[in-house]
Amino acid sequence: MFYRVAKVIVWTILKVFFWLKIEGQENVPPEGPLIVAGNHVSYLDPLVIGVGIPRRLYFMAKAELFDVPVLRTLIVKLGAFPVQRGGNDRRAVAKALGILQDGRVLGIFPEGTRAEDGELLPGQSGTAALALKTGATILPVAVSGTERILSKRHFFRFSRIVLKIGTPIPVEQEKRLNKERVASLTARVMESIGELLEAR
């Protein structure tokens, strides 16, 4: 209930004040394990992606956000869980695998951090590895406009926000991960996100 109410409130704010436009919602698979993979330029990106995806989303979020008590309570209720950056966080990986094995939707930013200049950073291997371990479909998405509102360089400017949802990338489950396969899938995901950004 909290998630649905919060989603309506956030959607209304983004639509009224930032003219939110969502393209490609019909591309979202209605069921089955799904990884929503997007670019990351602003703290607002998870909110934008969350309201644009019809299914409930569970986001990996940097562990530092959970150090703030009020914020921690809010984002936990919204389905976020912490991940330690810069290393292999086994607890976060296990949580992510559990979400996908239950047929739910995982939100992740393959770049691993926010891009200061808005340009797409190289993708990390985690998204592809999770997909290959579970057979989850990957859904590339691209957010634009949020970098002019709330980012490392800007603080609260009015700008139109656009969320583009791309074509799903089907993935077959593999019992043993192959480095070349992981690298190839990572490149394909980042290329798909890049194409969505270029189509702005």
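This is a predicted model: local features need pLDDT of at least 70, side-chain atom pairs count only at pLDDT 80 or more; totals for chains, interfaces and linings use all residues.
Residues are numbered from 1 along each chain as its sequence is written, and side-chain values use heavy atoms, with hydrogens and water left out.

Strand β5 (residues 105-108) is covered on both faces, with V105 and G107 buried on one side and L106 and I108 buried on the other; buried means under 20% relative accessible area, exposed over 50% and partly exposed in between, with a 1.4 Å probe and protein chains only. Strands are DSSP runs of E with at least two residues, helices are runs of H or I with at least four, and both are numbered from the N terminus.

| Strand | Sense with β5 | Bridges |
|---|---|---|
| β2 (residues 34-38) | parallel | 4 bridges |
| β3 (residues 57-62) | parallel | 3 bridges |

V105 in β5 stands opposite L34 and also opposite L57.

T137, in strand β6 (residues 137-144), counts as buried because its relative accessibility is 19%. Beyond its neighbours within four places in sequence, T137 is in contact (heavy atoms within 4.5 Å) with residues including L34, I35, P168 and I169.

V16, by contrast, lies in helix α1 (residues 2-18) and is exposed because its relative accessible area is 51%.

Conventions:
Two strands pair if DSSP finds at least two bridges between them.
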